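Here is a short report on one protein chain. It starts with model confidence and then turns to helix packing.

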Amino acid sequence: MTAGDWSSHKHWHIVLDELCNRRGHYDNAILASELCRQSGRGSKEDFEAAKKKLRNWRQGKRIPLRRNFQVLSELLQIDADAELRPIWDRLYAVAHERAYPQRAPAQADAGAANGGARQRGWRGACRWDIVAAAGIFTGGIFIAVAVFEHQPAKLGLPEVGYNAQMNMIVGETKLIHGEYDRCDAPPPNWEAVLPRIPNTDLGVFGDGGLAAKMVNDCGREMVVRAVRFTAVKPGIEEVVLLGDFMRLVVTSAQELRSVNSTPAMERGKVDGPKVR
């Protein structure tokens with residue numbers, strides 16, 4: 001590789017995507033596995049979340065924070081190309097400043113020495129120094145919602161998490177996931193989230209309003225746009241919701257009563273002998 005291969009690119013995520021392709025990382029699996037290893041997380045949910053991050057970074061939807069940028073630099077062997085390094089650092093500095101205007105340092109000069117942008121660092125990258133404002137329409141009335149600085153749950157917002165398997169009963173409604181835009185931005189509106197909502201015969205997805213969710217990318221609890229699911233039909237189906245794998249298991253109330261009313265011994269016969 002030479003600087004001529006990259007100097008025409010104006011956006012960091014374009015360089016990242018092309019470099020990943022040149023390195024053979026078409027499906028992000030190896031990179032996601034390494035991100036999990038570096039962070040000390042090894043569950044399937046962590047792996048799928050890492051792949052989602054990589055997709056977003058390569059598409060320019062989000063910009064990685066400092067630590068993940070360093071990991072990517074190592075995995076993609078940026079230091080092996082002395083001419084690529086300053087371009088890589090400069091474009092990342094510009095993208096980071098745009099994504100996190102309150103946290104990014106002064107942009108590195110295009111002609112700075114190799115590693116200059118890295119040496120300055122992004123101090124306070126996990127701080128949120130501004131209070132944003134978000135709004136929701138409920139019954140046609142605009143309600144102003146103050147977005148928190150540290151713990152949105154204290155504002156009385158419902159909490160939402162992510163589970164790879166969601167067990168529900170027909171007729172039940174739950175908040176099952178949540179989406180954010182950027183660490184320093186208000187949550188997206190429902191229209192922006194809708195394209196990433198799957199179709200299923202087991203129930204109906206809907207706008208769950210604002211909720212509190214722990215976001216690992218930002219290192220803190222965030223206000224997110226919640227996804228509500230109402231179960232309408234028993235069955236089992238695997239879907240991809242907001243880029244994450246999820247297994248929906250919906251049981252009818254009658255089936256649940258039948259299982260609960262079956263004597264333990266008979267349930268043991270149905271389930272098979274237990275291994276001791």
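This is a predicted model: local features need pLDDT of at least 70, side-chain atom pairs count only at pLDDT 80 or more; totals for chains, interfaces and linings use all residues.

## Confidence

Over residues 104-150, pLDDT stays under 50, and the model has 84 contacts beyond four places in sequence for them.

The protein chain has a mean pLDDT of 75. A pLDDT of 70 or more is reached by 71% of its residues.

Two packed helices are described by the angle between their axes and the distance between the axes.

Helix α2 spans residues 12-22, and helix α4 spans residues 44-59. Their axes come within 7 Å and cross at roughly 120°.

On the α2 side, the contact residues are His13, Leu16, Asp17, Cys20 and Asn21. They meet Trp57, Arg58 and Gln59 of α4. By class, the residues of this contact are three nonpolar, three polar and two charged.

## Helix α3 against helix α4

Helix α3 covers residues 29-39. The axes of α3 and α4 come within 8 Å, crossing at roughly 120°. That angle makes α3 oblique to α4. The crossing of α3 with α4 is right-handed.

From α3, the contact takes in Ala29, Leu31, Ala32, Ser33, Leu35 and Cys36. Their partners in α4 are Asp46, Phe47, Ala50, Lys51, Leu54 and Trp57. This contact of α3 with α4 has nine nonpolar residues, one polar and two charged.

Definitions and conventions: Residues are numbered from 1 along each chain as its sequence is written. Side-chain values use heavy atoms; hydrogens and water are left out. Axes are lines fitted to C-alpha atoms, for helices over the stretch in contact, and angles run from 0 to 180 degrees between N-to-C directions. Helices (H or I, at least four residues) and strands (E, at least two) are DSSP runs, numbered from the N terminus. Contact means heavy atoms within 4.5 Å. Ala, Val, Leu, Ile, Met, Phe, Trp, Tyr, Cys and Pro count as nonpolar, Asp, Glu, Lys and Arg as charged, and the others, Gly among them, as polar. pLDDT is the predictor's confidence in each residue, from 0 to 100. Angles under 35 degrees count as roughly parallel, over 145 as roughly antiparallel, 65 to 115 as roughly perpendicular and the rest as oblique. A crossing is left-handed if the near helix is turned anticlockwise from the far one by less than a right angle, and right-handed if clockwise.
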